[in-house]
Amino acid sequence: MEIGVAHLFEQFARISADDYVALVYTPNSRVYAAHCGVFLTAHEISWISVPMIPLADSELTDRLDQKLPDPANFRGNLIVVTLERDTMSHFEVFTPLFQRYGAARTRILRIISATDSFFKNALTLGPDELESLNATLLAEFSGESNIRVTSAAGTDLQIQLDQEKYDWISNRGKLRPGAFTILPPGEIATYPAQVDGTLVADGAVNCNFITDLDMRLADTPITFELQNSEIKSFHCQNAAMHDLLCGAFEFSHSMHVGELGFGTNRGIPEFIALNSHMNERRPGLHIGFGQHNQPLSVVKYEARIHIDVITDDATVHFADGRSVTLTELVPIAGVPHPRLIRDEDITGDCCSAGCSIVTVGIRS
């Protein structure tokens, strides 16, 4: 735990002695905020803590404003760390801080999946190494329009890419002025022009609604048959997971492929039971059904649902005979990371949509 907290502030927040830290946490993340506070006190860094209710908290702005310092009264940066387990809430509360304190002096790190596993594993690789891994994989995709993705469990997908029309997103935990840093880090993703074939998800499921189900799939993989980026059929032996998916797939566009993603954070050694972004950051393929990751002007539909189904590792095959197995990806020094329109995969409150769509495993 202590090493992960140190990595959070030293590698990802790049904290210095003059900085001022606000820890904003939901009730189920209070213990992790406490560990952060211990670290900050030991390093003689000024800090405050502010509790918040996830998703709906009309008084959060007032509570935060009462504790935040006058921008003129400290010399360093304002660092805001939000800690949540199942959600990522209140973008409208934190976004104005960039203007109030200045984009160059404000660093906002948003943690989803705050757990023991997060602090033990997800921050093992620093943002520079994650950027190098992402840059290396993005370079492999450069100029490609057709790829094949396979896995040991039986995945065999033919995928068409349109890289002039659809942007890549690269989550690598890097600070950028005026933007949130989303943690856990470690993936690249885009919107595929077309996906056909068999997808065997033997890793985990991660979805944008709250559920208590064990989301790991090693013992009960889910097999999807895809045609023209649509689910034509799926088979799942886990009855509870089957019911959850059936309920989710009742929503408009929820059976359409909205994301093609590849996890790159090899510091995450295993899938966890929670509905967690950590699972899709682990090296493997994830196909996201439902909501896409592109501007609405480019992909002209919106979906309330987003469900990532994740493989345990995967190999990408290119037309010239090259192949890359994700768990064996080695960063190549000197490969530049491309300038992308967006570096993050979450742009608004997460897990706020569709929370009551199914009865299986849903918290009331």
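Author: Helices (H or I, at least four residues) and strands (E, at least two) are DSSP runs, numbered from the N terminus. On that basis the protein has nine helices and 18 strands. The model is predicted: local features need pLDDT of at least 70, side-chain atom pairs count only at pLDDT 80 or more, and totals for chains, interfaces and linings use all residues. Residues are numbered from 1 along each chain as its sequence is written, and side-chain values use heavy atoms, with hydrogens and water left out.

Reader: What radius of gyration does the protein have, and what would a compact globule with 364 residues have?

Author: The radius of gyration is taken over C-alpha atoms, and the globule rule is 2.2 Å times the number of residues to the power 0.38. For 364 residues a compact globule would come near 21 Å, and the protein, at 20 Å, agrees with this. The C-alpha trace spans about 60 × 50 × 40 Å along its principal axes.

Reader: What share of the residues is buried?

Author: A residue is buried under 20% relative accessible area, exposed over 50%, and partly exposed in between (1.4 Å probe, protein chains only). Buried residues account for 56% of the 364 in the protein.

Reader: In what order do the strands of the seven-stranded open sheet run, and with what pairing?

Author: Two strands pair if DSSP finds at least two bridges between them. Here the order is β13-β12-β10-β6-β5-β17-β18, and the pairing is antiparallel. At the edges stand β13 (230-236) and β18 (323-325), each of which pairs on one side only. From one strand to the next the twist averages 20°; axes are lines fitted to C-alpha atoms, for helices over the stretch in contact, and angles run from 0 to 180 degrees between N-to-C directions. Six antiparallel bridges join β12 (residues 222-227) to β13, and I222 stands opposite C236 in β13.

Reader: Are E84 and R110 buried or exposed?

Author: E84 and R110 form a salt bridge whose closest N and O atoms are 3.1 Å apart. The pair links distant parts of the chain, 26 residues apart: E84 is in the loop between β3 (78-83) and α4 (91-94), and R110 is in strand β4 (residues 106-111). E84 counts as buried because its relative accessibility is 0%; R110, at 0%, is buried as well.

Reader: Which parts of the chain does the salt bridge between E140 and R322 tie together?

Author: The closest N and O atoms of E140 and R322 are 2.3 Å apart. E140 lies in helix α7 and R322 in the loop between β17 and β18, so the pair ties together parts 182 residues apart in sequence. E140 is partly exposed at 22% relative accessibility, and R322 is partly exposed at 28%.

Notes:
Salt bridge = Lys/Arg side-chain N within 4 Å of Asp/Glu carboxyl O.
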